[in-house]
Amino acid sequence: MATLLGSESPCTGGKRRNCRSNIVTKFTASKITGQGFSQGTQLPAGLLQERDKRAKWNGIPTVLQKLYESSHPNSDLSHAHSFLKVISSQLSVEAMSFVTEDRKTAQESTFPNTHTFDLFGGVDLLVEILMRPTLTMQKKNPKMNDDLVKDCLSVLYNCCICTEGVTKSLAARDDFVLFLFTLMTNKKTFLQTATLIEDILGVKKEMIHLEGIPNLSGLVQSFDQQQLANFCRILSVTISEPDVGNDDKHTLLAKNAQQKRNASPSRAEVNQVTLLNIPGFIERLCKLATRKVSEATGANFLQELEDWYTWLDNALVLDALMQMATEEAEQSSTESSDESSLATSPLRHRLPQSMKTVHEIMYKVEVMYVLCVLLMGRQRNQVHKMLAEFRLIPGLNNLFDKLIWRKYTASNHVVHSQNENCDCSPEISFKIQFLRLLQSFSDHHENKYLLLNSQELNELSAISMKANIPEVEALVNTDRSLVCDGKKGLLTRLLAVMKREPPDSSFRFWQARAVESFLRGATSYADQMFLLKRGLLEHILFCIIDSGCTSRDVLQSYFDLLGELMKFNIDAFKRFNKYVNTPEKFQTFLTQINSSLVDSNMLVRCIVLSLDRFESQTEDVKVVEVLSECCLLSYMARVENRLSFLFRLINIINVQTLTQENVSCLNTSLVILMLARRKAKLPFYLNALREKEYAEKYPGCLLNNFHNLLRFWQRHYLNKDKDSTCLENSSCIPFSYWKETVSVLLGSDRTSLCAIASYIDEPFMDLDRDLLED
């Protein structure tokens, strides 16, 4: 004992005041080195009792010793459980204060009981008790009392949220993490287990392999709908690529290098395949996402909803209350805990209606997130087929007015950027996740027409017939039995609420993205006219010009949507000119475009491409009329304006700063030059870039930068894994012409009038540096 407490007796001498700090120091050091004392059970009980009051340990080390002594293998654990209950009550008070006081940073001084419990080996002891049945040599594993397991899990969770480092230490134990999944088979311990697993996986350095979970398929199939919804919170961590910051802000250079290093499928991708192979998994998620909830009533419903949320930290308290309702229902001989049977539970009836609604909303957020991730994965077509078959879209359409978008006016929404994680209310999270799901479902996929009902599909056919153009193949192939029911389809309902949103609402960004995804891909005149007839163009122009909207995210989403809506559509440009009917309005519009070309360049590309097509259709009287009258087309027809856009597009990016967000600037500059090349004007444009450099007194700067950008473009888009159809579909320019134009621009022959190298004087030539490597 002298080595632990110093050279003098613990009861005499000058070092007595340091006894507590020495014990703490030794325990802390042992956790790092793995040597020396690691548990309070290794210290004399008398010493612990003597130091307890002075050190303010509140008797926890002493109770831990009793817990250890009463939990030996083959011992009666009822005594151990009684000691654990004593500790649990002390720790739960601290956990509740953590949850209700804005999640303060975990510190020893803030949560002394939890810290002491962990310091004296309590966490390790509970892990050992929980896993003991798996370590026995007996043929039949001894079964532990459910209440004991629940209390062990609850104490471990309290330690995780109140004591720094506990969660990470548990996450490092792969055997324990996989073991926890086996506890989910027991309905009575499911909630506590799921809560702890979710916390652990959130900090685990390496993503777990779902296929490593014993009998995962059987486990998932054994869950009722409520448990499956909870399980989705866990799954979201296992199927999403690790969040290493804002995705759009990661440079493409770094992403490409990472893809080279990690050629094989990631763990998240492997886990997605594992889930899809579980029989009935997607079908059950679709049922959860579209399950109806009792409609809430009352003028103050929203306020009631938000009041509940201020009391709740997350879904856990709700889940606990609903579990109480489930247990009460079971005692009344009710067989299932699904919503239909929970309705018979007395406690369920005592819960406020808004609380039941929030509970269902929070479940749906998790389910929709999982579906959204799967839709964006490599198995997208397989997922799409199943979501269509199980009628996800018609089900969401039936929920739209009653649950997803009730008819109330929301205020003070916070504007969130595209990939920003936010701690907003369940109602806002639900709407944003719903819009993300619609965006993922519609984007570049023929199933997008499932967002319409039969009458609306007939309307599309009629538009095509009137314009004397063939119907889109995807429209013809749409299975009418899988489309939306009712008077309006989901897309039409979304347009209606979109128009009612306040200018800076956080939903505007996602609403515009969802509608834009319906238009993306090969341009469809009928799709555009369907939306134009519903006043979408006028609504977008109002938001850009007249609403006073200042959110860059919202404006960017509206510029992108406007570009898809107007591309190659002469009627859209005519409508534009009718709305923007004064020089002041047009100047405001141009000011918004020029304020951030990164945000507006897709619209600039649309105007340039449309102008080029219209100029080749001069035999059409309507086209000639609009060309002569439309202020926007007239503005872009002036070569000096196209050159101005080209200068700035090349100047605001370089290879080191290219991201998924701004790479479109490079492609828009290429579109301008490809169209110039078609008309044999490429040398004129390249010479103009050279003259601009000299006028700005930076010879070689612009062209050297553009040369490096095009070299990167070749490596990026000519990669065998890259899908080039997006570039081809969005521009109606064959990808072969894209490749050919880039090759011509990068030509090394300095006598070629179409090669960038010909326009850089020798002293300023800087084309040999390889900036594309790591």
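Entry 1. I take a charge to sit over a ring if NZ of Lys or CZ of Arg is within 6 Å of the ring centre and within 35 degrees of the ring normal. The model I examined is a predicted one. With that criterion I looked up Arg613 and found its charged end over the ring of Phe568, 3.8 Å from the centre of that ring. I then turned to Lys585, which lies over the face of Tyr579 at 4.2 Å from the ring centre.

Entry 2. I next looked up ring pairs. A pair of aromatic rings is described by the distance of the centres and the angle of the planes. I noted 17 aromatic pairs in the structure. One of them joins Phe509 and Trp510, with ring centres 5.0 Å apart and planes at 85°. Planes over 60 degrees apart count as edge-to-face, so I recorded the pair of Phe509 and Trp510 as edge-to-face. I also checked the exposure of both residues. Phe509 is buried, its relative accessible area being 1%, and Trp510 is buried as well, at 4%.

Entry 3. I located both residues in helix α40, which covers residues 701-717. Trp713 and Tyr717 are four residues apart there, about one turn of the helix. I found both Trp713 and Tyr717 to be buried.

Entry 4. Finally, I asked which residues ring pairs link into a cluster. I listed Phe181, Phe190, Phe223 and Phe231 as its members.

Terms used:
Residues numbered from 1 in each chain as written. Predicted model: local features only at pLDDT ≥ 70, side-chain atom pairs only at ≥ 80, totals over all residues. Heavy atoms only, no water. Phe/Tyr/Trp six-rings, centres within 6.5 Å; stacked < 30°, edge-to-face > 60°. Buried < 20%, exposed > 50% of the residue type's maximum accessible area, 1.4 Å probe, protein only. Helix = DSSP H or I, 4+ residues; strand = E, 2+ residues; numbered from the N terminus.
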